[in-house]
Amino acid sequence: MDKLGLNDIYNAAEVLSDVLRKTPLIWSRRINPEANVYLKAENMQYTGSFKLRGAYYKISQLSDAEKARGVIACSAGNHAQGVAYGATHNGIKSLICLPAGAPISKVEATKGYGAEVCLVPGVYDDAYQKALQLRDEYGYTFVHPFDDPNVIAGQGTIGLEILADLPDVDAVIVPIGGGGLASGVAFALKTLRPGIKVYGVQSSGAPSMATSLQEGKIQHLSAVSTIADGIAVKEPGINTFEMCNKYIDEVVTVSDDEIAAAILALLEQHKIVAEGAGAVAVAAAMFNKLPIKNKTVVCLVSGGNIDVTTLSRVITRGLSKSGRNYTFKIDLYDKPGQLSGVCNIIADLGGNILSVSHERINASAEINGCILRIELETLNHSHIETIRAGLANAGYSVIN
């Protein structure tokens, strides 16, 4: 994109120097023991995500006439908060179109930063179309969430900070929704240090950039579905597609279960609260989606604005994915002492029983059979297999 130069990113860094919190790089021993992993904690940024960078810088570059008309934006939540914060800070009216399904915490936070909110049925792309309609109808100045040179320049300041704090970094892993963050960070890093690898990560339920890059042209997904609502984008931008195609080395996808496991790992290991979109880079590192063995790697934790009810569900999914929670189904002959025998084996092998369900009416081949369901708290997948083997060796029929 010839509209963006490295000087723009340095200018953005200067403008933002009195606005941003300089977020830390946090070393992580356990995210991937085969790599030297650091976390760029943008979840600790003001407004809870990196989006403040691009939104504020874009608003700072508007003309007086554009500022006077007020600004409008569309967002799954984080860009909304960045625009609201930036506009209010500069005395400008802001109207934000959000998908109706956006987390309540993000909606309320956007209002709290001083914006007027318009909830739109559907996903991000539907909110985008509504914002364009209102822009044309009322003359607002539109602040694009990712496909804008000034927004990309603001996001690119993260790349400058990473190089300043960790000059010998080998690779940086970045979440991708519409591609503004990845474009800015990759452009900054590759321009200053061409040998650095920059990897992008999307949810497998919203792989718009991955699909577009694979096909060699922008693709529009008919639907997206993921717990990573911040990157649930059906179609990448024209500029961001061009920049990701040029500067990103590889784009991979992670599942919702892998994202949930990453959120749980960040919470337990580092006391870091990440939203789904904020955890995808960590998920890619955790589950070896990329060639990072023996490399010094930065995973960008892009945001932490997760609704507490969603967090509860995600923790449950994360426990299951990481082998910390498992439900055994055992086909038993219904006679006294069977339950006691199963429980003793589990206790001896270090499992913690959370719940027990005993079903006598089932499809068992034995007339006097029953199904025992036992939910356990376990250590990991290896521990689950140890308990499974212990039950089998004792003569119990484990069917799940």
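Trainee: Of the contacts in the chain with a separation of 6 or more, what share comes from residues 24 or more positions apart?

Mentor: Contact here means heavy atoms within 4.5 Å. Residues 24 or more positions apart account for 73% of the contacts with a separation of 6 or more. Keep in mind that this is a predicted model.

Trainee: How many helices and strands does the chain have, and what part of the chain is buried?

Mentor: There are 15 helices and 14 strands. Of the 400 residues, 54% are buried. The C-alpha atoms fill a box of roughly 85 × 45 × 40 Å along the principal axes. The accessible surface is about 16600 Å², and carbon and sulfur atoms hold 48% of that surface.

Trainee: How far apart are the mean positions of the positive and negative charges?

Mentor: The chain has 35 positive and 40 negative charges, and their mean positions are 2 Å apart.

Trainee: Now the strands. In which sense do strand 11 and strand 13 run, and how many bridges join them?

Mentor: In a regular strand the side chains alternate between the two faces of the sheet. As for pairing, strand 11 (residues 325–333) and strand 13 (residues 369–377) run antiparallel and are joined by nine bridges. Within this pair, Phe 328 has Ile 374 as its bridge partner. Strand 13 also pairs with strand 12 (residues 352–359), in the antiparallel sense, over seven bridges. There, Ser 355 stands opposite Glu 375.

Trainee: Where is Ser 208 found, and is Ser 208 buried or exposed?

Mentor: A residue counts as buried under 20% relative accessible area. Ser 208 has 0%, so it is buried. Ser 208 belongs to helix 9 (residues 208–215).

Trainee: What is Ser 208 in contact with, leaving aside neighbours within four places in sequence?

Mentor: Its contacts include Gly 177, Gln 202 and Leu 221, as well as Val 233, Lys 234, Glu 235 and Pro 236. By contrast, Ala 171 is 37 residues away from Ser 208 in sequence and 23 Å away in space, C-alpha to C-alpha.

Trainee: Why does Asp 148 count as buried, and which side chain makes a polar contact with its side chain?

Mentor: Asp 148 counts as buried because its relative accessibility is 11%. Asp 148 is in the loop between strand 6 (141–142) and helix 7 (149–165). Its side chain makes a polar contact with the side chain of Lys 58 at 3.0 Å. A polar atom of the Asp 148 side chain also lies 2.9 Å from the backbone nitrogen of Asn 150.

Terms used:
Residues are numbered from 1 along each chain as its sequence is written. This is a predicted model: local features need pLDDT of at least 70, side-chain atom pairs count only at pLDDT 80 or more; totals for chains, interfaces and linings use all residues. Side-chain values use heavy atoms; hydrogens and water are left out. Helices (H or I, at least four residues) and strands (E, at least two) are DSSP runs, numbered from the N terminus. Buried means under 20% relative accessible area, exposed over 50%, partly exposed in between (1.4 Å probe, protein chains only). Accessible areas come from the Shrake-Rupley method with a 1.4 Å probe; for residues, only the protein chains shown count as cover. Lys and Arg count as positive and Asp and Glu as negative; His and the chain ends are not counted. The place of a charge is taken as NZ of Lys, CZ of Arg, CG of Asp or CD of Glu. Two strands pair if DSSP finds at least two bridges between them. A polar contact is a pair of N or O atoms within 3.5 Å; within protein, one must be able to donate a hydrogen and the other to accept it, and residues adjacent in sequence count only if both atoms are side-chain atoms.
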